[in-house]
Amino acid sequence: MKLVFATNNIHKLEEVKQITPSAISLVSLSEINCYDEIPETAETLEGNALQKAEYIKERFGLDCFADDTGLEVEALDNAPGVYSARYAGPEHSAEANMLKLLENLKGETNRKARFRTVIALLINGEQHLFEGVINGRIIADKRGNTGFGYDPIFVPDGYEQTFAELGSDIKNQISHRALAVRKLAAFLSTISE
């Protein structure tokens with residue numbers, strides 16, 4: 001089964017390729033000659049994921065899925081949430097985003113946070129949503145050098161290391177995206193039998 005993954009994020013594409021069963025062949029946007037900056041203007045993760053998938057379906061007519069992920073920090077009323085990638089401004093700088101988040105949490109004792117991923121799948125004329133959530137906490141200083149985004153400051157519950165310290169093997173088993181992708185893969189296996 002071939003499916004377009006509507007993302008321009010190389011890190012995300014590689015992460016999902018590692019998680020996806022071999023029966024599913026992921027097609028990147030560059031492989032379908034799509035180099036557009038796909039809009040993400042919805043107010044929710046679900047809305048953004050759906051908007052991206054619909055963009056590809058309408059222009060290329062291909063079955064596809066897209067995701068949106070947000071880091072939700074309890075003490076900040078679940079910010080940055082849907083604005084996680086552009087928290088510090090439109091240039092999508094992971095470093096600037098982390099620094100702004102750490103600054104906004106200065107002196108805050110409640111460091112509870114969660115990563116939430118929503119995947120929107122458009123296949124056979126139907127729409128399906130899948131969600132993955134992992135709880136954890138934000139630490140005060142960056143640690144580790146793998147992963148991307150907020151990985152160096154997020155410690156998942158049950159671990160002492162950040163996502164950036166755990167490495168892709170462990171992260172790809174427990175992460176929010178892994179959980180959502182597993183739900184997607186389980187659904188796809190029911191329709192490809």
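Buried means under 20% relative accessible area, exposed over 50%, and partly exposed in between, with a 1.4 Å probe and protein chains only. Keep that scale handy for this tour of a predicted model, where local features need pLDDT of at least 70, side-chain atom pairs count only at pLDDT 80 or more, and totals for chains, interfaces and linings use all residues. Residues are numbered from 1 along each chain as its sequence is written, and side-chain values use heavy atoms, with hydrogens and water left out.

**Stop 1: Arg 182**

Select Arg 182, which sits in helix 5; helices (H or I, at least four residues) and strands (E, at least two) are DSSP runs, numbered from the N terminus. With a relative accessible area of 39%, Arg 182 is partly exposed. Now show its surroundings: leaving aside neighbours within four places in sequence, Arg 182 is in contact (heavy atoms within 4.5 Å) with Asn 172 and Gln 173.

**Stop 2: helix 3**

Next, select residues 94-104, which make up helix 3, and colour its buried residues: Asn 97, Met 98, Leu 101 and Leu 102. Why do the buried residues of helix 3 line one face? Look down the helix axis: they fall within an arc of 130°, so they share one face of the helix. That arc is taken from the directions from the helix axis to the C-beta atoms. Bring in strand 3 (64-73), strand 4 (79-81) and strand 6 (126-138), which are among what covers these residues.

**Stop 3: the nonpolar cores**

A nonpolar core is a set of buried Ala, Val, Leu, Ile, Met, Phe, Trp, Tyr and Cys residues joined through side-chain atoms within 4.5 Å. In the largest one, of 20 residues, the members that touch the most others are Leu 71, Val 73, Leu 101, Ile 138, Tyr 150, Ile 153 and Phe 154. Strand 3, helix 3, strand 5 (112-123), strand 6, strand 7 (154-156) and helix 4 (163-174) each give two or more residues to this core. Another core, of 18 residues, lies apart from it and includes Ile 19, Phe 130, Ala 180 and Val 181.

**Stop 4: the largest pocket**

A pocket here is an open set of points on a 1 Å grid over the protein atoms alone, where a 1.4 Å probe fits, with protein on both sides within 12 Å along at least five of seven lines; lining residues have an atom within 4 Å of a point. The largest pocket has a volume of about 740 Å³. Of its 31 lining residues, select Asn 9, Lys 12, Ala 85, His 92 and Phe 148, which lie nearest its centre. Which element supplies the largest share of the lining? Strand 3 does, with four residues.

**Stop 5: backbone details**

Finish with the backbone. The peptide bond from Ala 79 to Pro 80 is cis, with omega near 0°, and Pro 80 belongs to strand 4. Asn 78, in the loop between strand 3 and strand 4, has phi near 70°, a positive value in a residue other than glycine. Its relative accessibility is 42%, so Asn 78 counts as partly exposed. Asn 124 lies in the loop between strand 5 and strand 6 and has a positive phi too, near 50°. At 59% relative accessibility, Asn 124 counts as exposed.

Terms used. Points joined across faces, edges and corners; volume = space filled by probe spheres on them.
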